[in-house]
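Here is a friendly note to read alongside the model. Please keep the structure open as you go through the points.

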Amino acid sequence: MSTTASDPLAALGALPGVADAVDSVRKSVDRVYGHRVMRRRSNEVTAEAALRGARGSAALSGADWNLEEVRRRTDFSGEDEARTIGAALRLTAEAGQLLSIWRQSPLRVLARLHLVAAGGATRDDAVGRPRLSGESVDEPLIEAPVPDADEVAGRLEGLSQLIIAGSEAPALVTASIVHGELLALRPFGSHNGLVARTAERIVLIGSGLDPKSICPAEVGHAEQGRAAYLAGFEGYLSGKPEGMAAWIAHCGRSVELGTRESTAVCEALQRGAA
């Protein structure tokens with residue numbers, strides 16, 4: 001995040017193309033919130049969005065299960081893919097409980113998210129804290145060089161201060177930058193992708209853009225595919241204005257696809273088919 005503006009997140013919101021992405025996302029979110037089903041069955045839509053969002057996030061982390069298998073399964077121990085699905089489901093459930101803490105202590109929230117994701121599968125002394133010098137990172141999807149522990153600590157603190165200070169930037173911009181920075185840093189020994197996508201969800205909900213958590217960006221990230229996800233992330237890593245704008249636009253498209261998914265859920269509920 002290399003900008004000298006007094007509000008760096010707001011400065012990113014002024015990049016070419018970003019305003020269009022923000023506007024498109026806002027319109028798509030308004031449409032699904034205006035659906036007649038949302039007036040009386042929003043809790044059901046929220047629950048379904050959480051399930052589908054967790055499935056999408058897990059798919060990007062290597063566990064691409066059919067939605068009905070995720071819905072049917074009760075035991076997520078055992079093989080690696082099952083544990084990944086279980087971690088994604090736990091994180092989605094936890095996200096809504098951390099909204100009030102995020103703006104005051106984002107680092108505390110990130111530590112909690114890693115603790116929830118790890119679920120006892122990681123060495124006890126490495127759970128819920130940023131990795132130390134010499135500790136490895138297990139994040140197979142992201143092959144970019146891993147910053148050292150000192151850089152991670154400094155950039156995490158910078159990200160935390162940006163969040164605590166607040167910004168005039170649209171929610172999409174803040175959520176995208178939080179997501180991208182956590183992917184770039186991979187601050188924990190494991191589950192960084194899952195944690196990054198959950199943090200994006202927290203920003204979108206807590207900002208008021210998606211207060212009922214019915215627009216799962218994770219669905220859209222998975223639907224666009226791993227190649228598009230990594231291409232967008234490469235734009236973020238470049239630090240160039242056009243690359244950052246491309247990443248924000250990718251995240252915006254993911255939110256729009258998530259709203260489309262929830263609109264389909266609303267339609268199914270209206271027909272009595274869900």
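1. Let's begin with the second largest pocket: α10 provides the largest share of its lining, three residues. Helices such as this one (H or I, at least four residues) and strands (E, at least two) are DSSP runs, numbered from the N terminus. A pocket is found on a 1 Å grid over the protein atoms alone, as an open set of points where a 1.4 Å probe fits, with protein on both sides within 12 Å along at least five of seven lines; lining residues have an atom within 4 Å of a point.

2. Before going further, note that this is a predicted model, in which local features need pLDDT of at least 70 and side-chain atom pairs count only at pLDDT 80 or more, while totals for chains, interfaces and linings use all residues. Residues are numbered from 1 along each chain as its sequence is written, and side-chain values use heavy atoms, with hydrogens and water left out.

3. How confident is the prediction? The chain has a mean pLDDT (the predictor's confidence in each residue, from 0 to 100) of 94, and 96% of its residues reach 70 or more. Residues 1–5 have pLDDT below 50, and this stretch makes nine contacts (heavy atoms within 4.5 Å) beyond near neighbours in sequence.

4. Back to the second largest pocket, which holds about 300 Å³ of space; a volume is the space filled by probe spheres set on the points, which are joined across faces, edges and corners. Of its 16 lining residues, R103, T174, V203, G206 and S207 lie nearest the centre. Two or more lining residues come from each of α6 (99–102), α8, α9 (171–185) and α10. The lining divides into 10 nonpolar, five polar and one charged residues; Ala, Val, Leu, Ile, Met, Phe, Trp, Tyr, Cys and Pro count as nonpolar, Asp, Glu, Lys and Arg as charged, and the others, Gly among them, as polar.

5. The largest pocket contains about 680 Å³ of space. Its lining has 34 residues, with T84, D138, P140, S190 and H191 nearest the centre. Helix α5 gives the most, six residues. By class, this lining has 12 nonpolar, 11 polar and 11 charged residues.

6. Finally, look at helices α7 (residues 106–118) and α8 (residues 149–165), which pack at an angle of about 120° with axes 9 Å apart. Axes are lines fitted to C-alpha atoms, for helices over the stretch in contact, and angles run from 0 to 180 degrees between N-to-C directions. The pair is therefore oblique: angles under 35 degrees count as roughly parallel, over 145 as roughly antiparallel, 65 to 115 as roughly perpendicular and the rest as oblique.
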